[in-house]
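I opened the notebook to record what I looked up, entry by entry. The sequence and the structure come first.

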2 protein chains.
Amino acid sequence: MPSVTPKILPSAASATNPALMIGDLLEAGVRMACDNQIVYRDQSRHSYERFRERVHQLAHTLTSQGVQAGDVVAVLDWDSHRYLECFFAIPMIGAVLHTVNVRLAPEQILYTMDHAEDVFVIVHEEFVPLLDPLADKLPQVRGYLLCQETPQTVDTTLPLVGEFEALLSQQPTHYDFPTFDENAVATLFYTTGTTGNPKGVFFTHRQLVLHTLNESSAFQAPGFELLNRDKVYMPITPMFHVHAWGVPYTATLMGATQVYPGRYEPEMLVKLLVSEKVDFSHCVPTLLNMVVSAEAIVSKQVDLSGWKVLVGGSALTQSLASKAWALGIDTRSAYGMSETCPLLTADILPKDIGEADFEAQLPWRCKAGLPIPLVKLQVVDANGEPLPNDGKSVGEVRVQAPWLTQAYYKEEKRSAELWRNGWLHTGDVGSLDERGFLTISDRIKDVIKTGGEWLSSLELESYISQCPGIAEVAVIGVTDEKWGERPAALAVPVDLNNPPTTETVQAFLEQFVAQGKLNRWGIPSMIRFVDEIPKTSVGKLDKKRIRTEI
Amino acid sequence: MPSVTPKILPSAASATNPALMIGDLLEAGVRMACDNQIVYRDQSRHSYERFRERVHQLAHTLTSQGVQAGDVVAVLDWDSHRYLECFFAIPMIGAVLHTVNVRLAPEQILYTMDHAEDVFVIVHEEFVPLLDPLADKLPQVRGYLLCQETPQTVDTTLPLVGEFEALLSQQPTHYDFPTFDENAVATLFYTTGTTGNPKGVFFTHRQLVLHTLNESSAFQAPGFELLNRDKVYMPITPMFHVHAWGVPYTATLMGATQVYPGRYEPEMLVKLLVSEKVDFSHCVPTLLNMVVSAEAIVSKQVDLSGWKVLVGGSALTQSLASKAWALGIDTRSAYGMSETCPLLTADILPKDIGEADFEAQLPWRCKAGLPIPLVKLQVVDANGEPLPNDGKSVGEVRVQAPWLTQAYYKEEKRSAELWRNGWLHTGDVGSLDERGFLTISDRIKDVIKTGGEWLSSLELESYISQCPGIAEVAVIGVTDEKWGERPAALAVPVDLNNPPTTETVQAFLEQFVAQGKLNRWGIPSMIRFVDEIPKTSVGKLDKKRIRTEI
């Protein structure tokens, strides 16, 4: 690429060219929101004006406790209005929001809080027992702000500075927020891999504003139409997990009604979905599967028709999308990861597909989708050469976009592995079709190398999941002398007392061999029926543990 | 505002954090567009893929003619697919696109081309006679590229380098575009004021990308819903005028069908509106008034129902909005100016208003609207103090946003006047209501100071326009010994042979006095009936010339 010298012109001495600041998203939302509200469980609701006031009060609360720009502030909470306020107040004072993954093991939580150099902690009362034994190993933490919802006395040795609501209520409702370099870090969180310690990823004000603007444009696009000002949004991906896919920022920009469900309890989730008339949520396939398998939903005692669900984290299978559709639940897919803020692609249905019937749409709904604006996405072979958009050529997915973590925090070697030749390597394997839609077939390390070819464990899971009597399935590769690797499956039967036989499943898979979709050696010789499949802390299939169980 | 030191973290050595480049808008559009097309009059149509190829071919054509990054390239064309290609190819090679206002007087065009330091010119054959006598006063221009649509030989002394289509067709369809500083200037054009030479405003890649992303989000918002991938767009504000409000960039980002009408000829415009099923256009009120007054439209021989029109440049009056509505034409307002890229506010109807009937919506449709995301807008008194959002307090409108011209090109003094205390001063007078909607009442210099109060000439125009028998009206202030100033009106009667009397109009205005909307001294004592009201080159009321005619 040639290097050029374009024209840069001087600005008037008193001209302003504002930096991209997260606070601007909130201001836009307050203007747009009209009477829309922020709802917390069945406990509280308030206007956007009050939301803004609380962000200002939280900023005062934090700075009066000595929190400064550049400090890292940890939050341990379920999804709440408070968490949403932290999404804004902490970065807006120039500090860094560390969204702690509360589902990790205590020693991992300790690792992340120490590694992040957290100096102040906002903690929901439920996580106090978790932090109590860790506190003396976190000497850099200067104070803990308690979020208390129950009247019980909290029995703890943590150096609490007070209670969230009590301290907020004492503060003025206007804070004079600074402006600063848009490349300042706004958020930091940790992602767990299959090996080694959790890795910290971080995002700047600029990155989050650009991610939000593009997510907003994509979410309103025809063929997607997930969210706008007049819709009701409730996350079912935790806010500590990649900013709940950035959607709380996007919903705020739009001024949409936002419902935060606290701890994910099935009864509360369903209650809120119905009572708040939630239009849009996002979650991993496992969670959607739980919902569409729940007795009350299947029997249609509870009507969720009209609910739109964006599925990510793992691929949406056709059988799950169909099951949801039968209940009036409209699913869409998207693709991204912790390192990418996360949104990279969205399955914005092309006009002709959007106008077709559900059966024709089904394969499209299960693709990862089109790269959203400003995302450059390539599928490359082992030499880094882009593969053709033919829907067949499979290679590693690599990306560039203005919202990718620029490193793993304080991990030079792993950062260099993530970023090679100016591209972020996702570690995912996929293909692009003629219309530019991405399909993710696997993690590079989960691809099964059998008979000299790559077999996608995800694709095989999708085929097996269509077999009558199978509720859920996970496929991994096991070493085989003759074939290199062979696929093996762990499956949960619909009826635990009456699982299908291995032979039934194998016979069922013959149709895909006949259709040319699967090689004969892709039929697993080993299928184990189990009550439950191991999952990671964010609800994905835990292939690391599955390997040990097969 | 306190100065703070936030956390800036190092990037991995091989990490990429891409600059915001106009080329990314085109790439996004090609991915989204499916079968949507770029249409030019009844002459040509092609896919987005071909649009991209042509942009690459144009880049080769320009660079093979010696055009380099940093050079300024002038375009003189009517709205065309070629112009759209120039919107991309010229900035994408790092050069600056100068969109020449072809409606200016020849000596003003000469002034702007000389001042901009244009080194290369793309010129439609119709403007060759205009440039012929100017060329020897533009010695820095190295070549002229002719856009020829007719078979006639073009008789000219201009040093033509060839014909647009002929040269393009010889070039490869892939250009390896550079990336560079997002603060590089992408576009430059001139705005004419009431005094002095035209002033140059300029916009960077970063500014145009941010403007486009925000315009895209706003245009898809409920209560506005002007444009998306599945709609058909045709501008009726020239592309040389503030990038046709930036909409060609936005339409491209979305992958929408775009129709370019060439020279604005009423027959061709109507033909395209109908044959291409145009969903959305934008124009000044004068042009919309021409359309809704045209015999074929009024008689409903031509059905324009379903057409959405965004009105800007001057305020949309209630009578014009009603007239349009009666024909099934759905109007919306927006506000901005050459210096602001232009979009600042958009009348995105609040949910309750959007659900109300047309009569209730009417006043809202005629407001300038809500500031779009990332725009900070204030209405301030003479001391620069923000006025309350009460719908009454009137003051000057000043703004900050990441897409405002940072100066007038090579005009230090006028730049300092535009930018004072870090705010761009619009020179417009308006008020904000309780819901944050801006209403522009006047230009500061057009406010009539009468009886110790400010009288809005725009408001008075709106009242007079509702009087039966009045087709169009312009109000200015004339010096008056007793009152300081008094309003005077120039009006075009519906029936030229039978104009209403001054007394009829005055009597009609009494109702607004009775309603407390107008002071008695706001009723003009002088009303002159004329065949036509003088307009500026972009179709706005030319109050400078009106003053000389009253």
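Which residues does A:Ile122 touch, not counting residues up to four places away in sequence? I listed A:Leu62, A:Val73, A:Ala74, A:Val75, A:Leu76, A:Cys86, A:Ile90, A:Leu145, A:Cys147 and A:Phe164, where contact means heavy atoms within 4.5 Å.

Ground rules. I note that this is a predicted model, in which local features need pLDDT of at least 70 and side-chain atom pairs count only at pLDDT 80 or more, while totals for chains, interfaces and linings use all residues. Residues are numbered from 1 along each chain as its sequence is written, chains are lettered from A and ligands numbered from 1 in the order in which they are written, and side-chain values use heavy atoms, with hydrogens and water left out.

Core. I found A:Ile122 again among the residues with the most contacts inside the largest nonpolar core, together with A:Phe88, B:Phe88 and B:Ile122; this core has 267 residues. A nonpolar core here is a set of buried Ala, Val, Leu, Ile, Met, Phe, Trp, Tyr and Cys residues joined through side-chain atoms within 4.5 Å, and buried means under 20% relative accessible area, exposed over 50%, partly exposed in between (1.4 Å probe, protein chains only).

Strands. I then followed strand E6 (residues 143-147) of chain A, in which five of its five residues are buried; helices (H or I, at least four residues) and strands (E, at least two) are DSSP runs, numbered from the N terminus. A:Gly143, A:Leu145 and A:Cys147 lie on one side of E6(A), with A:Tyr144 and A:Leu146 on the other. Strand E5 (residues 118-124) of chain A pairs with E6(A) in the parallel sense over five bridges, a pair needing at least two bridges found by DSSP, and A:Val121 has A:Tyr144 as its bridge partner. E6(A) also runs parallel to strand E7 (residues 160-163) of chain A, joined by three bridges, with A:Gly162 as the bridge partner of A:Leu145.

Helix H4. I noted A:Ile109, A:Leu110, A:Thr112, A:Met113 and A:His115 as buried in helix H4 (residues 106-115) of chain A. After H4(A) comes A:Glu117, which has a positive phi of about 60° although it is not a glycine. Most residues other than glycine have a negative phi, and most peptide bonds are trans. A:Glu117 lies in the loop between H4 and E5 of chain A and is partly exposed, with a relative accessible area of 38%.

Which bond joins A:Cys341 and A:Pro342? I read a cis peptide bond with omega about 10°, and B:Cys341 and B:Pro342 are likewise joined by a cis peptide bond, with omega about 15°. In chain B, B:Thr340 lies in the loop between strand E14 (330-336) and strand E15 (343-346), and B:Thr340 is buried at a relative accessible area of 0%. The side chain of B:Thr340 reaches the backbone oxygen of B:Pro342 at 2.6 Å.

Methods: Polar contact = N/O pair within 3.5 Å; in protein donor to acceptor, adjacent residues only side chain to side chain.
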